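Here are my notes on the model, point by point. Have the structure open while you read.

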Amino acid sequence: DTTRFVPLGMTEELSLREMLTKHEKGKEFGHIVSDKSLFPYLHDDKGETLSFPPVINSASIGAVEAGDENIFVELSGPGLDDLLLAASILACDMADMGWEILPVEVSFPHETAYGSKITVPYYFQEKSSATVEEIHKTLGEALSHAEIVTALARMGIDAVCCDDGLISATIPPWRNDFLHAVDLVEEVMIGHGLGNFAPEMPHDFTVGRLTEAEELARTVKTLMVGLGFQEMMYNYLGSRRKYITNMRYPEEKCIFIANPMSENYEVVRPSILPSLMESESASAHSPYPHKIFEVGKIAFRDANDPSGTVTRNALGFLASDRLMGYNDVAAMIATLSYYLRLEYTLAEVVDGRFIEGRAAQILINKKAIGIFGEIHPQVLENWGSAMPTIACEIDLDLLRAYR
């Protein structure tokens with residue numbers, strides 16, 4: 001509250017806390033540090049402000065202008081490997097543009113995986129390798145050792161062929177996506193050129209047909225369009241804020257990515273409803289009512305499964321309007337069940353995403369296959385939506401099993 005400076009893009013001096021609510025970048029990124037007792041703050045040896053990471057630079061030293069010749073690049077964040085990779089990518093990009101890259105020694109108050117002092121840019125990638133036999137088997141073509149090395153060189157990868165037939169590759173400093181020998185084989189394929197592989201006709205011919213799951217999905221899509229809904233398509237990865245915080249969804253049910261490249265893709269989608277709510281939050285300018293749906297996959301933890309997780313095909317739909325309520329969504333469920341020839345019952349349910357007493361479970365043979373109700377006001381506020389909203393999610397795999 002006592003540290004103040006003029007942030008980039010403004011002329012008014014603000015405290016760090018004021019920037020979280022008054023500056024555009026503060027509103028966007030302030031949630032990362034807003035609940036902390038101390039905020040990150042960088043200044044030079046003269047006490048001049050450099051930046052308030054991860055929110056904004058200062059308007060004086062922190063501003064980069066045309067004609068600047070000497071630029072100090074600062075990166076901050078919770079993961080050292082990600083920061084070192086980002087620094088390498090920036091250094092390579094700027095070197096390609098003709099800049100001279102000077103190393104900076106960074107001293108840490110504690111030991112890291114690379115020591116307490118690191119000279120950045122820092123090369124930390126491990127070598128990748130694959131046998132010539134693996135490359136031949138995967139690509140289906142016997143490339144010579146020289147052809148393999150040349151193909152990798154075209155991809156910016158220095159490689160040598162050892163006496164034992166192992167291709168050892170030094171990964172470029174801007175790459176961090178080599179996890180398996182197949183990743184190196186893929187680089188050989190691209191570098192050699194897809195057009196250089198001899199085409200081959202398939203040896204086996206089969207008659208294709210739709211699976212039962214796909215047939216049900218298409219039937220459900222047709223019914224939803226008939227009910228006036230518009231089909232949507234979404235990513236299956238998202239952020240903790242999108243899938244958990246905004247939806248008041250239990251974190252223990254979610255599957256997390258161990259090494260996400262971005263916090264926007266750290267959680268596997270446990271439900272279709274967050275995706276629908278994100279679309280609704282950006283659609284306030286469109287005429288009401290809003291009626292959208294998706295048939296897609298969800299994944300969540302399940303201790304009863306040997307893998308600890310399950311993946312399901314699901315239907316999710318959402319409708320928003322001034323007078324939209326429980327009776328409307330109940331009528332939509334009744335219509336779907338009629339055309340799908342289903343007999344179902346309802347049971348009261350408590351779920352943080354919905355208003356208590358205005359939500360219900362859908363049961364077939366006393367087994368829960370879905371949930372619907374009126375979206376809780378706190379969830380609407382989290383998404384910045386002001387209009388009453390109803391939503392439903394149905395596990396299509398369970399529905400198909402109990403039909």
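1. Start with L237: its bridge partner in β14 is V268. Strands β12 and β14 (residues 267-268) pair in the antiparallel sense over two bridges. Strands here are DSSP E runs of at least two residues, helices are H or I runs of at least four, and both are numbered from the N terminus; two strands count as paired if DSSP finds at least two bridges between them.

2. A word on what you're looking at: this is a predicted model, where local features need pLDDT of at least 70 and side-chain atom pairs count only at pLDDT 80 or more, while totals for chains, interfaces and linings use all residues. Residues are numbered from 1 along each chain as its sequence is written, and side-chain values use heavy atoms, with hydrogens and water left out.

3. Back to that sheet. It is open, with three antiparallel strands in the order β12-β14-β13. β12 (237-238) and β13 (255-256) are the edge strands, each pairing on one side only.

4. Then there's the β6/β7 pair. β6 (residues 104-112) and β7 (residues 115-120) run antiparallel, joined by five bridges. A two-residue hairpin links them, and V104 stands opposite V120.
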